[in-house]
Amino acid sequence: MVTTEIADKIKRLEEKYAAMGQNLSSYLDGLLYADYLTYWDYIQLDVLLNLQHPRTPIPDENIFIIYHQITELYFKLTLQAIEQIGFAPERTATVFTTQLKRINNYFRNLIHSFEIMVDGMDKDQFLQFRMALLPASGFQSGQFRMIEICSTRLVNLVYEPQRLAMENSDLKTVLDNIYWRSGATELATGKKTLTLQQFEKKYMGPFLQLATRYENCNLQAAYRQLPEADKAIVLPLLKEYDLNINVRWPLMHYKSAVRYLHKKPEDIAATGGTNWQQFLPPKNKRIVFFPELWTEEELNNWGKLAMGE
């Protein structure tokens with residue numbers, strides 16, 4: 001029996017397909033023969049479980065791979081949420097709070113789960129398989145750099161001593177001086193590491209395109225365009241966002257590096273050949289997305305309290 005509700009839906013479907021020059025009957029035939037959707041097909045489970053390709057037979061390498069894959073999926077969700085703020089038809093406190101709460105939850109989960117990396121692998125196994133990964137490095141996470149670019153004025157991603165000189169520069173010049181480029185130079189020679197060379201070859205073009213696209217709608221710019229009443233609502237979430245990405249997240253990386261690479265009398269070098277002792281601590285980088293939201297004292301102590309200083 002065709003109810004009024006079903007008849008109405010069929011009519012709307014006919015209109016939908018007619019507008020595209022399509023015949024509804026053909027699509028109904030396809031629906032008749034199509035199999036039912038399964039969970040494993042929908043999330044591509046078999047593909048997902050076969051995306052790990054260790055370089056060694058050492059068991060804990062799988063932990064290392066899977067954790068980084070999970071991290072990149074959270075980064076993808078973060079970029080999607082940022083886009084929904086930056087390109088919203090109408091930016092409101094509701095749009096901001098909805099998406100920022102999501103992002104803060106993503107990073108809260110990442111930060112708390114990083115114990116998997118800090119304590120969840122056998123140290124001896126890690127030090128064995130890591131040499132098979134050269135020169136790959138977590139430094140080469142393009143999505144994390146995209147999150148940074150979409151979050152703030154590009155000049156805020158330049159180290160403070162050079163920032164003032166970059167204020168009126170074009171985006172390419174600013175991008176050429178972005179902070180992480182100096183964190184991937186060889187300690188002995190000052191030259192670019194192979195890790196950085198690979199990374200720049202793959203991403204610098206897309207990074208410039210992204211910076212151009214978000215120049216006037218990054219999170220900092222979008223926040224500044226809000227009415228004052230909306231700013232007051234959004235402010236606590238933005239501060240948590242700033243701390244999550246620029247203090248808590250890099251601090252967990254630093255703790256992991258200390259766990260696996262700290263060794264007396266001389267620390268073990270990172271796979272990318274960088275000085276992780278100087279590059280990873282947030283108090284040394286002092287990158288802040290929304291400096292206008294923090295007091296001078298808070299900026300001066302950026303990252304220090306989190307490290308117990």
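The crossing of helices α5 and α6 is left-handed; a crossing has this hand if the near helix is turned anticlockwise from the far one by less than a right angle, and is right-handed if clockwise. The model is predicted: local features need pLDDT of at least 70, side-chain atom pairs count only at pLDDT 80 or more, and totals for chains, interfaces and linings use all residues. Residues are numbered from 1 along each chain as its sequence is written, and side-chain values use heavy atoms, with hydrogens and water left out.

Helix α5 spans residues 61–86 and helix α6 residues 93–113. Helices (H or I, at least four residues) and strands (E, at least two) are DSSP runs, numbered from the N terminus. The axes of α5 and α6 come within 9 Å and cross at roughly 165°. Axes are lines fitted to C-alpha atoms, for helices over the stretch in contact, and angles run from 0 to 180 degrees between N-to-C directions. The pair is therefore roughly antiparallel. On the α5 side, the contact residues include Y67, Y74, F75, I82 and Q84. They meet residues of α6, among them F96, L100, R102, I103 and F107. Contact means heavy atoms within 4.5 Å. The residues of this contact divide into 14 nonpolar, six polar and one charged. Here Ala, Val, Leu, Ile, Met, Phe, Trp, Tyr, Cys and Pro count as nonpolar, Asp, Glu, Lys and Arg as charged, and the others, Gly among them, as polar.

Helix α5 also packs with α9, at an angle of about 20° and with the axes 9 Å apart. These two helices are therefore roughly parallel. Their crossing is left-handed. From α5, the contact draws on E72, F75, K76, T78, L79 and I82. From α9, Q143, F144, M146, I147, C150 and S151 take part. Seven of the residues in this contact are nonpolar, three polar and two charged.

Helix α9 (residues 142–151) has a further partner in α13 (residues 194–213). Their axes come within 10 Å and cross at roughly 25°. The two helices are therefore roughly parallel to each other. The crossing of α9 and α13 is right-handed. G142, R145, M146, I149 and C150 of α9 make the contact with F199, Y203, F207, L210 and A211 of α13. By class, the residues of the contact of α9 with α13 are eight nonpolar, one polar and one charged.

At chain level, the model has 18 helices and zero strands. Its C-alpha atoms fill a box of roughly 80 × 55 × 35 Å, taken along the principal axes. Of the 309 residues, 40% are buried. Buried means under 20% relative accessible area, exposed over 50% and partly exposed in between (1.4 Å probe, protein chains only). Among contacts with a separation of 6 or more, 71% join residues 24 or more positions apart.

The largest nonpolar core has 68 residues. Such a core is a set of buried Ala, Val, Leu, Ile, Met, Phe, Trp, Tyr and Cys residues joined through side-chain atoms within 4.5 Å. L100, F107, L154, W180, Y241 and W249 have the most contacts inside this core. Helix α15 (residues 228–261) gives the most to it, with eight residues. Not counting residues up to four places away in sequence, Y241 touches I82, L100, I103, N104, I147, S151, L219, F289 and F290.

A222 lies in helix α14 (residues 219–224). At 1% relative accessibility, A222 is buried. Beyond four places in sequence, A222 touches I85, R91, F96 and C217. A222 and F114 are 108 residues apart in sequence and 31 Å apart in space, C-alpha to C-alpha.

Several backbone features fall in loops. Most residues other than glycine have a negative phi, and most peptide bonds are trans. A cis peptide bond, with omega about -5°, joins L134 and P135. P135 is in the loop between α8 (123–129) and α9. Q44, not a glycine, has a positive phi of about 55°. Q44 sits in the loop between α3 (39–42) and α4 (45–48), and is partly exposed at 45% relative accessible area. R286, also not a glycine, has a positive phi of about 50°. The loop between α17 (282–285) and α18 (296–300) holds R286.

Technical notes: Angles under 35 degrees count as roughly parallel, over 145 as roughly antiparallel, 65 to 115 as roughly perpendicular and the rest as oblique.
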